[in-house]
Amino acid sequence: MTDEIPDIDLAVHGRTEHRREVLKKLAGGIAGSALLGTLPWFAPLQAAPAGGAPSDRVRVGIIGPGSRGQFLLEHLLHTPAVEIAALCDVYQPHLDDGQRAIGKPVAQYKDYRRLLEDTSIDAVVIATPLYLHAPMCLAAFDAGKSVYCEKSLALTIDDCKAVARAAANSTKTFQIGHQRLFHRSTLYALKQVMAGDLGPITQIRAYWHRNTAWRRPVPSADLEALFNWRLYRKYSAGLMTELASHHLHVANWFLDAHPLACVGYGSINYWKDGRDVFDNVNVIYKYPKGVSFVYDSLSSNRFYGLEVQLLGPKGTLELETAKYYSENPPPAPGIVQLINQIEKGTLEAVPIGGPSWVPDLKKDTKGTPLPEDPDRDDGTGLSLAAFVNAVRLGRRAPYMIDHAYRSGVAALMGVMAMEEQREVQWPGNYSA
Ligand SMILES: NC(=O)c1ccc[n+]([C@@H]2O[C@H](COP(=O)([O-])OP(=O)(O)OC[C@H]3O[C@@H](n4cnc5c(N)ncnc54)[C@H](O)[C@@H]3O)[C@@H](O)[C@H]2O)c1
């Protein structure tokens, strides 16, 4: 498979087998294509591999080795040039989990400010609840660390601006945990959009539906906020920051724009269990050129699951199921057409002399699959590898600030629109 990729030198992983792995992840027309040149976040992956010198090692501290933090830790343990130097968490069992995964003793902290005082640590990975992203990012930049911060950027628009400004003013690397930037089938979809396979994008629709309380069992009542922070507005902005931010990120990226305004409705219509974030959200964003992004998320029905759909006059891309649907697919072979006609005859045939109306039901064409990552990596592995390489090479990543800022702010605009029952305008750039 790697033979199909002629002209790229991705040296993120020093070892040959890892290099091949990276190439495989990008195969399917991405690795050797001109598209990569338009994705500056891939540049750190193209640098010379790390050698064995101590200066080639990146010493990383992980703040918040909970659910996501553990997942990032597992990836980092397989990323060459990384040394996990410290863990920080207020909850001892999570420190213990992290320590076990690393397999050798590392410094442990309960207070992140103590970790930041360690001058031998180059970078921190922040995977804590949303309300802590801003104070932790700001303190990390103050301490001269590079920062990989999980999405969404921050709990308030003012905090988004403050973190974006601090990242822009820092000489260190900043990266946001929007792993779709490195996701193979998403990149392939971008290539199709750039090739004109949809025509212009005229609408984006996205949804994320689950049938779950989103509530974690707590070992004792005093741990409710620590475990279930997502359900409380003081710590989280709920479905918009936790789920929608991913699809808003895709919309901003693919439209190369930020939303101009939005309106929406949300409520708690099912999980009346003491939470104060909405259990269903419905927001419409206005983008330039008259394009809308229509989003909804439900916690009481999972039939439709999650999807982000890019729609244009020539076709549709569904990024979560990784499929392209042409508006005018080539005709199916004769026998398939016949079976379809027999199966659907009552719906699609227009009887002679009858009404000339055919229901506009969803097309059931199978679509063309987009190339998927062979290891089902959603981009997180490459994302961390790019971050580590950027830190090792002393490179900043200014484009990341815009990705983080636009999606973080867009998610919060949706929350404000629903909570304040008004149209919310884009609040301006972080340097404004
Ligand atoms: N990119 C993705 O696809 C993705 C997926 C899941 C979660 N996330 C993000 O990752 C972040 C964490 O989510 P999670 O599901 O892992 O939450 P979690 O509750 O499982 O983990 C958070 C961790 O932070 C710790 N913590 C809380 N307060 C702390 C403090 N003051 N100092 C140090 N540690 C503290 C908690 O004890 C816990 O270990 C969130 O921002 C979430 O949006 C991103």
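The legends below describe several views of one predicted protein model.

Residues are numbered from 1 along each chain as its sequence is written. Because the model is predicted, local features need pLDDT of at least 70 and side-chain atom pairs count only at pLDDT 80 or more, while totals for chains, interfaces and linings use all residues.

View 1. Helices (H or I, at least four residues) and strands (E, at least two) are DSSP runs, numbered from the N terminus. Of the 432 residues, 43% are buried; a buried residue has 20 or more other C-beta atoms within 10 Å of its own, an exposed one 12 or fewer, and a partly exposed one a number in between, with C-beta atoms placed from the backbone. Mean pLDDT, the predictor's confidence in each residue from 0 to 100, is 90, and 88% of residues reach 70 or more. Over residues 1-16 the pLDDT is below 50.

**View 2. The ligand is surrounded by 24 residues.** The closest are Gly64, Gly66, Ser67, Arg68 and Glu150. Helix H2 (residues 67-77) gives the most to this shell, with 3 residues. By type, the shell has 11 nonpolar, 8 polar and 5 charged residues. Here Ala, Val, Leu, Ile, Met, Phe, Trp, Tyr, Cys and Pro count as nonpolar, Asp, Glu, Lys and Arg as charged, and the others, Gly among them, as polar.

**View 3. The largest nonpolar core holds 113 residues.** Such a core is a set of buried Ala, Val, Leu, Ile, Met, Phe, Trp, Tyr and Cys residues joined through C-beta atoms within 7 Å. Among the members that touch the most others are Val60, Ile63 and Val125. Helix H12 (residues 398-420) gives the most to this core, with 13 residues. Leaving aside neighbours within four places in sequence, Ile63 is in contact with residues including Cys88, Tyr112 and Met136; contact means C-beta atoms, placed from the backbone, within 7 Å.

**View 4. Pro129 lies in the loop between strand S4 (123-126) and helix H5 (133-142).** Pro129 is buried because 20 other C-beta atoms lie within 10 Å. Not counting residues up to four places away in sequence, Pro129 touches Trp229, Tyr235 and Ser236. Gly66 is 63 residues from Pro129 in sequence and 9.6 Å from it in space, C-alpha to C-alpha.

Definitions and conventions
Near = placed C-beta within 6 Å. Contact = placed C-beta atoms within 7 Å.
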